[in-house]
Amino acid sequence: MAPEVLDAVRAAGTHEPVGFLDDDADRHGTWLDGVPVLGGLDAVTSHRDAELVLCPARGGARASLAARLATAGIPDARYAVVRHPSVDVPRGCVPGPGTVLLAHVALAGDVRIGRHVMVMPNVTLHHGAVLEDFVTLAAGVSLGARVHVGRWAYVGMNASVRERVRVGADAVLGMGAAAVRDVPARETWAGVPAEVLRTWVEPW
C-alpha cells in the first residue's frame, strides 16, 4: 500500500514525504517513486519531527508495527491522517491517528473511524458506521447504515454489508461478498449472500 499512500500524500499537498522505513535490509538505500528507503523501523528515532503512517494492507501487520513503535516511545500524536483531496470528511467525523482515506471515499454523517484504519478508493460508508482500530476496507466496499466493523477486520474488494450488520474482530469478508447477517469474529466469509468458509482455530 505504500505507493498508494504516497500518491494520496502528494495529492493532498499537506506533507512533504521524507522517506520509507522497511525492515528488509536489501531495500535500505533504494528509492520508491522518488522517495528514499531510509532504513529499518529503528530509523524513526533519527526523524523526530516527521509524522508517520503505517502502510501494510492488513490490519494485523499495522497493529504489530504500532506496538513496536509504542514500545520505542512513539505516541499517537506522531501519526498523520492521510486524506486524498477528493474525500469530504463531514463535520463530527474525526478519523483516528494514522488513518488513510484514499481517493473518492464517500462518508455520510456521523461515521466513527478508529486508529490506523485503511480505507481504499471508492469506498462508501453510510451514516452511523463504526470502524474500529486497524480495520481494512478494500476498494469499492459499501457499508450500510450503522454497520460495525471490529478491530483488525478485513473487508474485501467490492464487498457490501447490510445496514446494522456487525463484522467481528479479525474477521475476513471476501471479494464481492454480500453480508446480510453478522459475521463472527475470526471467521472468513464469502459469497452472495455471504456464508462461512473458515473458522479460526486456537493453536495448541
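Trainee: What order do the strands take in the open sheet of three?

Mentor: The order is β1-β3-β2, and the pairing is mixed. Strands here are DSSP runs of E, at least two residues long, numbered from the N terminus, and two of them pair if DSSP finds at least two bridges between them. This is a predicted model, where local features need pLDDT of at least 70 and side-chain atom pairs count only at pLDDT 80 or more, while totals for chains, interfaces and linings use all residues. Residues are numbered from 1 along each chain as its sequence is written, and side-chain values use heavy atoms, with hydrogens and water left out.

Trainee: Thanks! Which strands stand at the edges there?

Mentor: β1 (20–21) and β2 (31–32) do; each has a single partner strand, so one side of each is left without a neighbour in the sheet.

Trainee: And how many bridges join β2 to β3?

Mentor: Two, with β2 and β3 (residues 35–39) running antiparallel.

Trainee: Switching to the open sheet of eight strands, what's the order?

Mentor: Reading across, you get β4-β5-β8-β11-β14-β17-β19-β20, again with mixed pairing. β4 (82–83) and β20 (195–199) are the edge strands; each has a single partner, so one side of each has no neighbour in the sheet.

Trainee: How do β19 and β20 pair, parallel or antiparallel?

Mentor: They are antiparallel, with four bridges between β20 and β19, which covers residues 187–190. Glutamate 187 faces threonine 199 of β20, and alanine 190 faces glutamate 195.

Trainee: What do β19 and β20 form, and what's in the turn?

Mentor: They make a hairpin with four residues between the strands, and glycine 191 in that turn has a positive phi of about 100°.

Trainee: New topic: where is glycine 140 found?

Mentor: Look in the loop between β11 (136–137) and β12 (142–143). Glycine 140 is partly exposed at 23% relative accessible area; with a 1.4 Å probe and protein chains only, buried means under 20%, exposed over 50%, and partly exposed in between.

Trainee: What is glycine 140 in contact with, leaving aside its neighbours within four places in sequence?

Mentor: Pro121, Asn122, Val123, Asn158 and Ala159, where contact means heavy atoms within 4.5 Å.

Trainee: And histidine 148, which strand does it lie in?

Mentor: Histidine 148 belongs to β13 (residues 148–149) and counts as buried, at 16% relative accessibility. Its side chain makes a 2.6 Å polar contact with that of glutamate 132. That term covers a pair of N or O atoms within 3.5 Å; within protein, one must be able to donate a hydrogen and the other to accept it, and residues adjacent in sequence count only if both atoms are side-chain atoms. Beyond its neighbours within four places in sequence, histidine 148 also touches residues including Val130 and Val165.
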